[in-house]
Amino acid sequence: MAFEIFKKFIDKFFRSLFRGKKKIRLGLYGPPNGGKTTLANRICQDWLGEDMGKVSNVAHETREIQIKEEITIKSKGKELSFNLVDTPGIATRVDYEDFLKYMGEKDAKSRAKEATKGIIDAIKWLDDMDTVIICLDATKDPYSQVNITIVGNLQARNIPVLLVANKIDLKRADIKKIESAFPQYKVVGISAKYGTNMDEFYEELLKMA
Amino acid sequence: MLTLQFISYNQIANLEPDDRIKKLLSFVKQDKIVLLEGRLRDEEEADLIRKTMEDIDEKFTGIELGVVHPQDKDSSLYKQIHAMLVRLLLGNRNGFTIIGPANIIQEIKKDPDKIQLLMKDQQPPPTKKTSKKKSKK
């Protein structure tokens, strides 16, 4: 236990030492279908003029870690450069039968296999992040254990977190519920799909750097 | 029949993190719903998800996980530090953790102090009509 505490201290020390010198690794985490890749595409479109990954309504569309390097965002005289890491959505269950309404059995099984591997990779990458954006669907229950596990793991690693309540364009969106579930974090409500409130999102991101 | 398997924290307290997870998953794979006293550490919860993903196949489709962990928001700084030290030394024995097989539990819904298990619909038993037809033949 003492070793773990010492390791965390060393990790934090080196993270702060190099934060100003290297490219920050900014991770996008969250459950499947929260809009992580839509947000990644929005950021890339806003600052690079190109997309990052494919988006779909079928869960586990992103099944591999995707990295877009050298993104620089600017707001109110501040500047932040980072490598954006889009991760597969973390879930506790993957059933190939859930995909059968969208594709054949062979493809569904293959997708399920890739999804489980993607989740394992996403968890492994937690250690390599400097800052994390947790992207939650604001229409869904924020108290799911996956969300709490992700947040707890980032807290345990002293990794700064910005919580995004995505899909605020939908009527059922409830930012306050996310705020009350995670009162320790700033929550920014956005619609990554329509680019709503992205200015506030970038300002909050710059505050964290 | 649904089986609830209660596991006291003492039963896993002296196990290595990997062995704790293996033990919990072994019960879940027997289609039992595990009711664990206390909760795993954050890193162990992530490892539980990782190990679950490694084990997923056509039969085992994963787990549903829920933790009820009441927190006394009004406790003094001394009590908070005391609780933290107890957690570090002895593990987190407050609250409880539910881990169930995804083929039985559809969803675990949670408010801070309340937990609801939504079960998957069971297959209806074969109708009598079919058996009557067979007997006529």
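Residues are numbered from 1 along each chain as its sequence is written, and chains are lettered from A in the order in which they are written. Because the model is predicted, local features need pLDDT of at least 70 and side-chain atom pairs count only at pLDDT 80 or more, while totals for chains, interfaces and linings use all residues; side-chain values use heavy atoms, with hydrogens and water left out.

Let us begin with chain A. Chain A has six helices and six strands, where helices (H or I, at least four residues) and strands (E, at least two) are DSSP runs numbered from the N terminus. Read from the N terminus, the order in chain A is α-β-α-β-β-α-β-α-β-α-β-α. Chain B holds five helices and six strands, and its order is β-α-α-β-α-β-α-β-β-β-α.

How much of each chain is tucked away? A residue is called buried under 20% relative accessible area, exposed over 50%, and partly exposed in between (1.4 Å probe, protein chains only). In chain A, 50% of the 209 residues are buried; in chain B, 36% of the 137 residues are. A:Leu84, in strand E3 (residues 78-86) of chain A, counts as buried because its relative accessible area is 0%. The C-alpha atoms of A:Leu84 and A:Val132 lie 9.7 Å apart, although 48 residues separate the two along the chain.

Now look at where the chains meet. Helix H4 (residues 145-156) of chain A packs against helix H3 (residues 42-55) of chain B at about 130 degrees, with axes 8 Å apart. (Axes are lines fitted to C-alpha atoms, for helices over the stretch in contact, and angles run from 0 to 180 degrees between N-to-C directions.) H4(A) is therefore oblique to H3(B), since angles under 35 degrees count as roughly parallel, over 145 as roughly antiparallel, 65 to 115 as roughly perpendicular and the rest as oblique.

Charged side chains come next. Side chains of opposite charge can pair when their charged atoms come close. A salt bridge is a side-chain nitrogen of Lys or Arg within 4 Å of a carboxyl oxygen of Asp or Glu, and the structure holds 18 of them over all chains. One of them joins A:Lys76 and A:Glu203 at 3.3 Å, N to O. This pair links distant parts of the chain, 127 residues apart: A:Lys76 is in the loop between strand E2 (66-75) and E3, and A:Glu203 is in helix H6 (residues 198-208). A:Lys76 is exposed because its relative accessibility is 70%, while A:Glu203, at 26%, is partly exposed. In chain B, the side chains of B:Lys29 and B:Asp55 meet at 3.1 Å, N to O. B:Lys29 is partly exposed at 40%, whereas B:Asp55 is buried at 19%. A network of salt bridges also links A:Glu105, A:Lys109 and B:Glu58.

Finally, consider the backbone. Most residues other than glycine have a negative phi. Which way does phi of B:Asp31 go, positive or negative? B:Asp31 has a positive phi of about 60 degrees, and this residue sits in the loop between helix H2 (17-29) and strand E2 (32-39) of chain B. A:Lys167 also has a positive phi, near 70 degrees, in the loop between strand E5 (161-166) and helix H5 (175-181) of chain A.
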